[in-house]
Amino acid sequence: MDVVGRALLILALGLSIFGSASALVAARGGGPAGLLPAARRSLYAVLAMAFGAFVLLEIAFVKPDFHYATVAAHASLTTPLGYRIAAPWASQEGSLLLWLMLLAFTSTIAIRSLRGRLRDVEPYALAVLLLLAAFFAGLLVFAAKPFETSAIAPDDGVGLSPLLRYPTMMIHPPLLYSGYTLFAVPFAFGIGALAAGRVGGDWIVHTRRYALTAWLLLGVGIILGSRWSYAELGWGGYWAWDPVENASLLPWLTATAFLHTIVVQERRGLLKTWNISLVLATGLLCLLGTFLVRSGVLSSIHAFGQSTVGPPFLILIGGLLALSIGLVLRRRTLLAPEGEIPLLSRESMFLLGNLALIVLVVVVLWGTFFPLISEAITGEASSVSTTWFSNYATPSALAIVALSGLAPMLPWGRGRWTAFGKAALWPTAVAALAVVGSAAAAGTGSPVALVMVFAAAFTLTAVVREFLLGGRTRRALSGDRGPVAIARAVAGNRRRFGGYLVHAGLATLLLAVAASTAFDTTVQRQLKPGERVDLAGGRQVEYERTTGRIVLDKFDRVEKIEFATILRVYRDGKPAEEIRPSHDFYPTRAIVAYGPVGRFFQGEDTSEIALHTKWDRDLWVASTPDQDAIVARAKEVNDGFVKVATDLDDKTASALLAQSIRGVIDGYVATNPPAIVRAIDSPGVLWVWIGAIVMILGALLSLSQPSVARSRQRAAALARIGRELGPAS
Amino acid sequence: MQVSRSRARSVRFTFALTLAIFLGGMLVYTTFSAASPERFADQLVRHAEPDQTYRVGGRVVPGSVSRPGGILKFRMARPGRTDGVTIAVSYAGTVPDTFRAGRDIIIDVKKTPGAAKDVFEGQGNTLLTKCPSKFNGEDMNPDTGPVDKQSAAEKAAKASGE
């Protein structure tokens, strides 16, 4: 099976190179007539090869076959089937194979659906897509080999880290990769449009749905990663400005920018250079993100140590960057604008929003790569803190939220100040009231948060106003009333109203981020039984006791040992609900190092948080038992067990071992041990997730609008029917 | 008319370029001012300014971890160095679940005033360990010997009906 897997990857590499070269020759007008169809068939074959190789790797994980080095390192006999299926993308090799397969899949869909529509552009785009496929196939053949095997398989593998055994983590990486690979489509067609000199609006119209789908998938992937961080990791945050988090955010931001300004190009023929640059930047940032995750060039929680795939990535990114800049410069005459943008217009707001987004991109990119930049300039690597990122991101975030509300109020072309003032009246009044209310409730300690309240309330009111205006217009035209009129207005222009929903979701999300970071209370203390910590709003948390238990898996093996911390919440001095965060110890197989008893207490340990979510605030609590005491007791019991177990038969020794483990747990619990309690009281966290869901719904609504091509077909059919019916008499 | 439009365009361009250069300059200046130098443990022992925050990367020395009174104390060394030069760190912030002896970490530290030259205080919640998705076989069981092939305890737990 490993030989077949390797052969499939080598074939994928060969076909990608052949297809890319053929498409390029066909694009330049050379070669025989069948060269372009051959290139297309190469792409389809690459998809089949990558899919076949991925299925083989999945089979190896599902079995699991520990002859494969990657299976032995990322799966074990005790890893549940669902997580074994997801384990390939926990590895470098499996991730890159998934990238190749998804790239081939999205490229195939794009090439098949757009065939014949962009005749001059398609061959170049096909060449670029197959070049990218060749790159990833090359990595899998020469650098990160998923089908590397050893002659002697270990009895068991290492398995997934317990922290990754979380449902959303099964789909988080595929969603990110789907976003990255889908962005390759507009990138490739952008290169194709420049190379072919067809820089009008056609290629944008035809690839916009790919860009929007990619934006949606990447966004969902980012939010799922944040949710996992908040609910599963024991630090209580959802965004840490880690280089790898930043790497996924950057292409999402540039894509957000161009999804707005391509509308300006479609309607007014403006911003061509800007748009093509953003599309190309997004494609390159996707590659840069993969490079950051996979190369280990920057120290972060995701990337410790170096790998061998970094230099090839740099060569690819450098080459494509040079190609992109060269093509834009070569076509600068064709990209010249066909008019000017008036100051008071929807397009000027789009452009300002773009500038805010690009400033944010520059800041994040600069901060992320600062260790490398500072080392290159001063010879000494330095890095910036999360506070630095937050301080610089805040002005852009405020501007983006405010412009999300301002843009819908303005018409395309030149607007009038009086009409604008009238439109902005209600949103401004509501926003002012919201600020007064927030200041009364939470104080004026965080002016930035109050400015965000103003911006978000303004935008939310502006969006509601747009929906009401849409309903009113519908009523005037068709006589529909109330919600029916609004629903029909939305159904009639899903792209536009979907965009407004995204704006409302973004305003909600960023307002919640501001509230939860500006007004949170964090307490971390070691508590003895009966001690309390004070939280905001007259709440307290009291530590009552610790319990311990052995948790078995479905095969009756010890999955983990759980120490739960029993806490009581007090509201205004009165006892309320009980909460039970726990700290779990997973056994390590290192029996020689820690002993037969000690290995159950010195493997991986994870916090299972207690999370109480209410509409207005979250209470997040994690606890850590006295690990020094547990380990000391385990060592003591282990020494006693080893002394007597050698003289016992297997059955008796096993029974004694079970008693010894239970003895460590019960003995520790009986001492009424202290526990380190970390409690975070954050207002509005629920609205971070609600805002994200509204954004997703908005994007889905936009995507449900029939494509331009389909609309054109329908319009042509209606026109034909009209002609056949003849002029109305 | 054509001349004035072209002139207006060049004025706008000059203004935008000046603004961009000004903002870019601010960004560069403030970043260099706010950044923490990155060091290894042995470099910090040789020289560390009292009020300077350093970002230090290194490996947690096995057997050095303790949590007296809920404060995490450990020693860390440059990975791969065998000269025994380490620093002592005390840290009161959030400890990631993946923190363990033998693993690589990153933490912001300041020299402890009046203490020995190898004693540092961890800052805020800055302790970083590797993301769980980046573990491989060697990382999961640091400084261990051969892996046991039996599951005596699992059998025992089953036998005892736990």
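Asp572(A) counts as exposed, with 9 C-beta neighbours inside 10 Å. In this predicted model, the residue sits in the loop that links β5 (558-571) to β6 (574-579) of chain A. Its phi is near 50 degrees, a positive value in a residue other than glycine. Most residues other than glycine have a negative phi, and most peptide bonds are trans. Asn672(A) belongs to the loop between α20 (650-670) and β11 of chain A, and it counts as exposed, with 11 C-beta neighbours inside 10 Å. A further backbone feature turns up between Lys63(A) and Pro64(A), where the peptide bond is cis and omega is near -20 degrees. Here Pro64(A) is part of the loop between α2 (35-62) and α3 of chain A.

Four strands of chain A form an open sheet in the order β2-β11-β10-β9, with antiparallel pairing. At the edges stand β2 (521-527) and β9 (610-613), each with a single partner strand, so one side of each has no neighbour in the sheet. From one strand to the next, the twist averages 10 degrees. Within this sheet, β10 (residues 617-625) and β11 (residues 675-683) of chain A pair in the antiparallel sense over nine bridges. Along that pairing, Val621(A) stands opposite Ala679(A) in β11(A).

Another antiparallel pair in chain A joins β7 (residues 582-585) to β8(A) over four bridges, and here Ser582(A) stands opposite Glu608(A). In a regular strand the side chains alternate between the two faces of the sheet. For β8 (residues 605-608) of chain A, both faces are covered: Asp605(A) and Ser607(A) are buried on one side, and Thr606(A) and Glu608(A) are buried on the other.

Two packed helices are described by the angle between their axes and the distance between the axes. Helix α7 (residues 167-196) and helix α8 (residues 202-232) of chain A pack at an angle of about 155 degrees, with their axes 8 Å apart. That angle makes α7(A) roughly antiparallel to α8(A). Their crossing is left-handed, and by class the contact between them has 19 nonpolar, eight polar and one charged residues.

Helix α9 (residues 243-268) of chain A contains Pro251(A). With 26 other C-beta atoms within 10 Å, Pro251(A) is buried. Leaving aside neighbours within four places in sequence, the contacts of Pro251(A) include Phe183(A), Leu218(A) and Thr282(A). From Pro251(A) to Leu320(A), 69 residues apart in sequence, the C-alpha to C-alpha distance is 16 Å. Leu77(A), found in the loop between α3 (69-74) and α4 (81-86) of chain A, is partly exposed, with 14 other C-beta atoms within 10 Å. Its C-alpha atom is separated by 8.9 Å from that of Val158(A), 81 residues apart along the chain.

Chain B, finally, has four helices and seven strands, and along the sequence these follow the pattern α-β-α-β-β-β-β-β-β-α-α. Of its 162 residues, 33% count as buried. Among contacts in chain B with a separation of 6 or more, 54% come from residues 24 or more positions apart.

Conventions
Residues are numbered from 1 along each chain as its sequence is written. Chains are lettered from A and ligands numbered from 1 in the order in which they are written. This is a predicted model: local features need pLDDT of at least 70, side-chain atom pairs count only at pLDDT 80 or more; totals for chains, interfaces and linings use all residues. Axes are lines fitted to C-alpha atoms, for helices over the stretch in contact, and angles run from 0 to 180 degrees between N-to-C directions. Helices (H or I, at least four residues) and strands (E, at least two) are DSSP runs, numbered from the N terminus. Angles under 35 degrees count as roughly parallel, over 145 as roughly antiparallel, 65 to 115 as roughly perpendicular and the rest as oblique. A crossing is left-handed if the near helix is turned anticlockwise from the far one by less than a right angle, and right-handed if clockwise. Ala, Val, Leu, Ile, Met, Phe, Trp, Tyr, Cys and Pro count as nonpolar, Asp, Glu, Lys and Arg as charged, and the others, Gly among them, as polar. Two strands pair if DSSP finds at least two bridges between them. A residue is buried if 20 or more other C-beta atoms lie within 10 Å of its own, exposed if 12 or fewer, and partly exposed in between; C-beta atoms are placed from the backbone. Two residues are in contact if their C-beta atoms, placed from the backbone, lie within 7 Å.
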